[in-house]
Amino acid sequence: MNKPLRRIAIFCGILVLTLLIRDNWLQYVQADELKEDEHNRRVAIERYASPRGDIIVDGKAITGHATTEGDFKYKRTYKDGAMWAPVTGYVSQAFGATQLESIDDGILTGNDDRLFFRNTLDMITGKKREGGNVVTTLNAAAQKAAYDGLKKQGAKGAVVAIEPSTGKILSMASYPSYDPTTIAGSNNAAGEAWNRLQKKNNPDEPMLNRALREVYPPGSTFKVVTAAAALEHGLYKSADEKTDSPLPWTMPGTTTPLPNEGDLPCEDATLREALRVSCNTVFGKAGYDLGNDEMLETAEKFGFNKEQFVPVRSSASRFSDGMNDSQVALSSIGQYNTAATPLQMAMVTSAIANNGTLMKPYMVDALQAPNLDTIEKTDPEEMSKPLSADNAQILQSMMETVVKDGTGTNAQIDGVTVGGKTGTAQHGVDNSENPYAWFISYAKTDDGSSPVAVAVVIEDENASRDDISGGGLAAPIAKNVMEAVIDSKK
């Protein structure tokens with residue numbers, strides 16, 4: 001072979017080798033990246049070529065599908081979408097997916113690796129791929145009671161209900177809300193609906209999941225955490241011994257007395273009486289006496305300062321370290337820098353109701369294949385022990401006094417023992433804005449078990465300031481949610 005032909009042959013060989021290397025690079029190294037590229041329209045077309053599986057509550061689907069025109073054959077629909085949006089999130093041909101729709105997208109589309117064998121069989125038989133189901137822990141009656149209660153108030157707010165013995169989330173409502181069906185497509189109507197929901201166009205933020213993502217000052221509901229710390233660290237040994245609580249009590253390092261909300265019998269009051277009438281001085285001083293470290297330890301055992309995943313991410317609630325004495329006192333009554341999600345306060349309540357054991361909260365009970373075989377099952381998991389069983393029962397008796405003849409009487413249920421705590425949390429610079437109304441509670445049935453613990457928060461910007469209270473605005477909603485759970489178990 002002469003030299004020119006040899007050079008051409010070598011050059012052609014190099015070209016072929018380069019093509020082979022490039023082909024293998026695309027198929028094996030960049031395959032996942034190209035598959036997930038937002039500009040790869042074929043991936044999106046394939047994604048919406050078949051119906052998604054469903055999200056299930058009480059054995060019934062709360063999702064569905066509809067056919068559409070164009071490249072995308074199917075889009076998601078939702079039943080009572082606004083009520084369930086904090087649970088499902090949304091999946092949109094134009095705007096992606098959130099919450100359960102995103103986290104469990106592989107199961108719902110049928111693309112999960114755990115469905116590989118089934119998908120391979122379907123490919124051989126020519127059967128169209130199907131999506132699996134996400135079975136939730138939610139209770140439909142409790143969710144309706146929560147959402148209807150918030151809607152009736154007409155104010156921003158949220159509700160979370162948990163089964164204390166397992167950690168199952170029974171209700172997770174947020175108001176105002178939105179219907180994910182309106183943004184599920186990719187047409188102009190979906191785009192217009194999306195724009196109306198954005199914060200810049202809608203200051204009520206209907207797409208904000210207030211149950212998980214908003215942190216509020218918990219106000220006097222946090223006093224149950226301070227009471228737990230006082231019992232656990234031996235500051236007080238019972239609910240009925242007198243506390244060392246002068247009235248007035250001036251916060252350390254200041255000349256400012258810590259005020260109570262009215263002329264209350266708080267001087268040296270017992271923990272039971274202090275919780276019943278909600279004495280700031282008693283619990284503020286108890287927090288100061290315990291100190292930042294011991295208060296922080298108890299708060300973190302309840303889940304503060306850590307994000308929760310249920311599996312949707314919840315913002316971390318907050319109890320600070322490195323505070324001075326007066327800041328610790330204020331934080332111990334749920335003010336200053338203390339902040340909590342409704343999920344967090346439901347966790348606090350469930351741990352107390354469960355005799356001191358906090359179960360990890362979750363809202364996905366199982367993942368199912370298209371043929372309804374169980375792919376994955378969630379088992380209840382202990383998260384921590386914030387307080388002993390004996391101290392939890394002491395705190396239960398205190399919270400039950402609050403509902404029996406204290407600030408929480410609006411949560412009473414005939415034939416059911418209810419424990420609770422009200423809270424009216426300051427809001428704005430120098431408490432200039434309407435406060436937040438809180439109520440936390442649990443129900444206890446005749447056999448001593450507690451089927452439900454609830455946290456409710458209400459932001460009512462339009463109410464008269466004098467009309468805002470946890471017992472007045474939030475307790476009736478908590479009562480309805482507890483009743484719904486109890487009735488569903490009969």
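Me: Before we dig in, where does Pro 248 sit?
Reply: Pro 248 is in the loop between α10 (223-232) and α11 (271-277). Keep in mind that this is a predicted model.

Me: Is the peptide bond from Leu 247 to Pro 248 cis or trans?
Reply: Cis, with omega near 0 degrees.

Me: What kind of peptide bond joins Tyr 175 and Pro 176?
Reply: That bond is cis too, and omega is about 0 degrees. Pro 176 belongs to the loop between β9 (169-175) and α9 (188-197).

Me: And the phi of Gln 99, positive or negative?
Reply: Positive, about 55 degrees, even though Gln 99 is not a glycine. As a rule, most residues other than glycine have a negative phi, and most peptide bonds are trans.

Me: Which element holds Gln 99?
Reply: Helix α5, which covers residues 99-103.

Me: Which residues line the largest cavity?
Reply: Arg 47, Tyr 48, Ser 50, Pro 51, Arg 52, His 65, Tyr 74, Lys 75, Arg 76 and Val 91. By type, that lining has 4 nonpolar, 2 polar and 4 charged residues.

Me: Which strand gives the most to the lining?
Reply: Strand β4 (residues 74-78), with 3 residues.

Me: OK, helices. At what angle do α15 and α16 cross?
Reply: Roughly 115 degrees, and the axes of α15 (residues 342-353) and α16 (residues 389-405) come within 8 Å. That angle makes α15 roughly perpendicular to α16.

Me: Which residues meet there?
Reply: From α15 you get Thr 349, Ile 352 and Ala 353; from α16, Ala 392, Leu 395, Gln 396 and Met 399. The residues of this contact of α15 with α16 are 5 nonpolar and 2 polar, with no charged ones.

Me: Last topic, the 5-stranded sheet. What's the strand order?
Reply: β2-β1-β7-β13-β14, in an open sheet with mixed pairing. The edge strands, β2 (60-61) and β14 (374-377), each pair on one side only.

Me: Do β13 and β14 pair in the parallel or antiparallel sense, and over how many bridges?
Reply: Antiparallel, over 3 bridges, with β13 covering residues 364-368.

Me: What stands opposite Ala 366?
Reply: Lys 377, in β14.

Key: Residues numbered from 1 in each chain as written. Predicted model: local features only at pLDDT ≥ 70, side-chain atom pairs only at ≥ 80, totals over all residues. Heavy atoms only, no water. 1 Å grid on protein atoms, 1.4 Å probe; cavity = no way out; pocket = protein on both sides within 12 Å on 5 of 7 lines; lining within 4 Å. Helix = DSSP H or I, 4+ residues; strand = E, 2+ residues; numbered from the N terminus. Nonpolar A, V, L, I, M, F, W, Y, C, P; charged D, E, K, R; others polar. Axes fitted to C-alpha atoms, helices over the stretch in contact; angles between N-to-C directions. Parallel < 35°, antiparallel > 145°, perpendicular 65-115°, else oblique. Contact = heavy atoms within 4.5 Å. Pairing = 2+ DSSP bridges.
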